[in-house]
Amino acid sequence: MPELNLAQSINQALHQAMKTDDRIVILGEDVGVNGGVFRITDGLQKAFGAERVIDTPLAELGIVGVSVGMAAYGLKPICEIQFDGFLPSVMDQVINHFGRLRQRSQGKHAAGLILRSPHGGMVHAPEHHSESPEAYFAHTPGIKVVIPSTPKDAKGLMLAAIQCPDPVVFFEPKRIYRSIKENVPDESYEVAIGKARVAREGKDATVISWGALVHTCLEAAQKLQGEGVDVEVIDLRTLSPIDIGAILTSVSKTGHAVIAQEAPKTCSLASEISALIHERALLKLQAPVRRVTGWDTRTPLFRLEKYYFPDAARIAAAVRETMSF
Amino acid sequence: MPLTKIADFKIERLEILGADGRCDEALVPVISKEKMLEIYRMLVLIRVFDEKAFKLQRQGRLGTYPQILGQEATQIVPPMCLEKKDWLIPTYRGQGSYFARGMPLVNSLLYWGGDDRGAKLPDGQNDMIFAIPVGSHLTHAVGVAMAAQYRKDSAVALTYLGDGASSKGDFYEAMNFAGVYKAPVIFFVENNQWAISVSRKTQTSAQTIAQKAIGCGLSGIQVDGNDVFAVYRAVQEAIARARRGDGASVIEAETYRLGDHTTADDSSRYRSKEEIDLWKDRDPIARFRVFLTAQNVLTEDADLEVRRAAEEKVRSAIDEYESVPEPNPLSMFELIYGEPTWNILEQRAEFERYWASGSSRRETLASAGEGRFP
């Protein structure tokens, strides 16, 4: 069982699946010869040819629209949008087409494609390259949204997404593409879409997060351990549908919930999770749910990004506040 | 019923100054000696800037930076054809274009150094800040041009795009609006042959990008983009056409991105050294220098002085960049709305409390490493 980083584990999942599943085609900007700007599709064009790993023109909306047509024909397109900041231009296809195609066609067609995109900030990237747009997708019916935070989950979620009959938006936390390594099984396996993971067990407070920020939450939990606060960290893994069972089990145990995300606060996924907890577990709560988020501002250029994205200190402070409510 | 030809189109290519510095006298635009020297000084300045900015990035003193190297003529000549009242709507690989319009050099360093203050245009300048999402600014240029029409101003809008952006729907929509409303706009296509790893040939099966103009009823021409005179002449004609109310133009300027896409790219993965060498021989500055020298507009001493002055300007911009204090984090909460809303005010206060409680956490830009872009 080799040690892989997140980029390598996704690459391995794609490689293995393409060997046995000829429905899969990969398309996107620079995914072929260059292997993707983050090298996620590295070597795939060499292995499977330019007919299956397609370097497209520079046209995000086109990439996604073409993928919808391919999926209607019965293929399994895995398209890449190079950066999170370029996703807004594909929303016409996302909202008006791929999430609706099954019901609109009365079940005849479904857009069972996978849309991959890097996610999040803190990599000193240029403007529009540090965005967290998951709420736009999770808000849209008919789409599943996943985001792994470990190499093992990345491979398993990708293989599950390939088997999923629905469109799956697959976010990849770019901050930890290469910084986290773990043993990843060689064989094919799935991590179920819709199932969260307890990243750390604890009894005093629940911190819910996803993507790269899970690791920041674990850091905060470590810090709080020294103060005698035992934090449970839930890695959501799937953002739509949310694993409400896992959240309620944890919150019922701890009575304190903090949600941490990189995205802005208003109308975000954290807002939805907070509403779910208040609706279903109000009497288990010993304090109101707290949200630790990016501010309701534009993501600043990278000199200030450390002040924009939640860090371990801000997450720990929110946990302390709920504990002393 | 016979099959009849109902329309006929042709696409012309303009070349005036050859790679050997010799030129077609009949086509040379009328440019004063002083203006020629002004152009030359800008060409040299942007090259020196680009060289130094690249080095700063490699030393960890600047963030990801998109090199201009090889595209100096397409960058600085079109904006130098504009008047002050006109508008420039540039792209992210546009340092030369906005420097030529008066943006201080330090701004670009600040911006690519991750400081939002770099995006501030000088007061009194009409231009828009460049867009990062490719092609998304092209319709803005048409809107600017339509607004000028509405106000009965004679201002025109000049916007840039690359060969990659010519594939975006935005380009078609922008051209079509411009055609329908005869908007005074110039789409200047800087065809540098590569959209990251995708070559011009892979980008579109159209023979030229210029011909895309025809589908929307616009004028289209291809020019040698490394030829100062061809670019100057084509842009001047397009501006005159726009000001006359005769509509928009597409100018496809063929040039070459000698550097990587950005400092985060490695173009040796997808293109050959031979191809790069071929384009190095078509250098836009070298051939203009040969011409100016042959015409006795530029002496060897004057040339050395141009280079020295450019280096001095760039050095002083770098000094300024590196002495600017870190941006104030509270600036994140400014300018989101005309008047801040309650949530912005509340979050700003929350941040202030948090910031006051901890260390200031100021740090200088560290060298590129794990977790960095990309």
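Mentor: Let's begin with a term: two strands pair if DSSP finds at least two bridges between them. Helices (H or I, at least four residues) and strands (E, at least two) are DSSP runs, numbered from the N terminus. This is a predicted model, in which local features need pLDDT of at least 70, side-chain atom pairs count only at pLDDT 80 or more, and totals for chains, interfaces and linings use all residues. Residues are numbered from 1 along each chain as its sequence is written, while chains are lettered from A and ligands numbered from 1 in the order in which they are written.

Trainee: OK, in what order do the six strands of the open sheet in chain B run?

Mentor: The order is β1-β7-β8-β4-β3-β2 in chain B, and the pairing is parallel.

Trainee: And which strands stand at the edges?

Mentor: Those are β1 (12-14) and β2 (87-89) of chain B. Each has a single partner strand, so one side of each is left without a neighbour in the sheet. On average, neighbouring strands of this sheet are turned by 25° against each other, direction ignored. For angles like that, axes are lines fitted to C-alpha atoms, for helices over the stretch in contact, and angles run from 0 to 180 degrees between N-to-C directions.

Trainee: What about β7 in chain B, how many of its residues are buried?

Mentor: Five of the six residues in β7(B), which spans 219-224, are buried. Buried means 20 or more other C-beta atoms within 10 Å of the residue's own; 12 or fewer is exposed, in between is partly exposed, and C-beta atoms are placed from the backbone.

Trainee: Which strands does β7(B) pair with?

Mentor: β7(B) pairs in the parallel sense with β1(B) over three bridges and with β8(B) over six bridges. To find them by eye, look for B:L14 opposite B:V223 in β7(B), then for B:D224, whose bridge partner in β8(B) is B:E254.

Trainee: And how many bridges join β4(B) to β8(B)?

Mentor: Six, between β4 (185-191) and β8 (249-254) of chain B, and the two run parallel. Within that stretch B:F188 stands opposite B:I251.

Trainee: Switching topic: why does B:Y111 count as buried?

Mentor: B:Y111 counts as buried because it has 25 C-beta neighbours inside 10 Å. This tyrosine sits in helix α4 (residues 105-112) of chain B. Leaving out residues up to four places away in sequence, B:Y111 touches B:G118 and B:A119; contact means C-beta atoms, placed from the backbone, within 7 Å. There's also B:Y65, 46 residues away along the chain, with its C-alpha atom 9.6 Å from that of B:Y111.

Trainee: Now chain A. What does its domain assignment give?

Mentor: Domain 1 covers 3-183 and domain 2 covers 197-323 of chain A; such bounds come from an automatic or database domain assignment. Their centres, taken over C-alpha atoms, are separated by 26 Å. Where they touch, domain 1 of chain A gives 26 residues and domain 2 of chain A gives 23.

Trainee: Which elements supply the domain 1 side?

Mentor: In chain A, α6 (134-138), β6 (144-146), α7 (151-163) and β7 (168-173) each give two or more residues.

Trainee: Where's the five-stranded sheet in chain A, and what's its order?

Mentor: Follow β9-β11-β10-β13-β14 of chain A, an open sheet with mixed pairing. Its edge strands are β9 (197-200) and β14 (290-294) of chain A, each pairing on one side only. Strand β13 (257-264) of chain A pairs with β14(A) in the parallel sense over four bridges, with A:I259 opposite A:R291. Helix α10 (269-281) of chain A lies across β10 (205-209), β13 and β14 of chain A, at about 160° to β13(A).

Trainee: How many residues are in contact between chain A and chain B?

Mentor: 40 residues of chain A are in contact with 40 residues of chain B. Both α11 (305-308) and α12 (312-323) of chain A supply at least two residues of the chain A side.

Trainee: Last thing, what are the confidence scores?

Mentor: The model scores ipTM 0.94 and pTM 0.95. Chain B averages a pLDDT (the predictor's confidence in each residue, from 0 to 100) of 94, and 96% of the residues score at least 70. Over residues 359-371 of chain B, pLDDT stays under 50. Where pLDDT is low, the predicted coordinates should not be read in detail.

Notes: Two residues are in contact if their C-beta atoms, placed from the backbone, lie within 7 Å.
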